[in-house]
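Here is a short report on a protein model. Look first at how its side chains pack.

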Amino acid sequence: MDQVLVGPVADFLRECTITGLDETEATPAADLYGMYMIWCEQADQEPVSAGLFSRQVQASGSQPRRRNHERVYPGILPTGPIPIQYILETDKPPSLNGPLNTFGT
């Protein structure tokens, strides 16, 4: 059963992701945490550790899986301006696990 989360991680997930998608849609865990860090900076929030972030994402109902040699959260895609900013700031190429052209705005 999914827990009802409160706090910065819950706010980030609500504001910056689309959830409940087919499991073929996935976001790499490291990328999702990187986007969370950018969101925290912009929202003037103190970020939680990567481990606590992962536990809270899992508590929201998304269990990480290994795909293409990286850990991903199936059924979650980022949306809005944060993912675009993350890509621009990190110069990270698109992942095989989450098509960038599906980001909403």
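## Aromatic residues and the core

Tyrosine 33 and phenylalanine 53 are both buried (under 20% relative accessible area, with a 1.4 Å probe and protein chains only). This is a predicted model, where local features need pLDDT of at least 70, side-chain atom pairs count only at pLDDT 80 or more, and totals for chains, interfaces and linings use all residues. Residues are numbered from 1 along each chain as its sequence is written, and side-chain values use heavy atoms, leaving out hydrogens and water.

The structure holds seven aromatic pairs (ring centres of Phe, Tyr or Trp, the last by its six-membered ring, within 6.5 Å; planes under 30 degrees apart are stacked, over 60 edge-to-face, the rest tilted). Two of them are tabulated here.

| Pair | Centre to centre | Between planes | Type |
|---|---|---|---|
| Tyrosine 33 and phenylalanine 53 | 5.3 Å | 65° | edge-to-face |
| Tyrosine 36 and tryptophan 39 | 6.4 Å | 20° | stacked |

Tyrosine 36 and tryptophan 39 are both buried. Phe12, Tyr33, Tyr36, Trp39 and Phe53 form one aromatic cluster.

The largest nonpolar core has 19 residues (buried Ala, Val, Leu, Ile, Met, Phe, Trp, Tyr and Cys joined through side-chain atoms within 4.5 Å). Those with the most contacts inside this core include Val9, Phe12 and Phe53.

Aspartate 31 is buried, at 7% relative accessible area.

Technical notes: Buried < 20%, exposed > 50% of the residue type's maximum accessible area, 1.4 Å probe, protein only.
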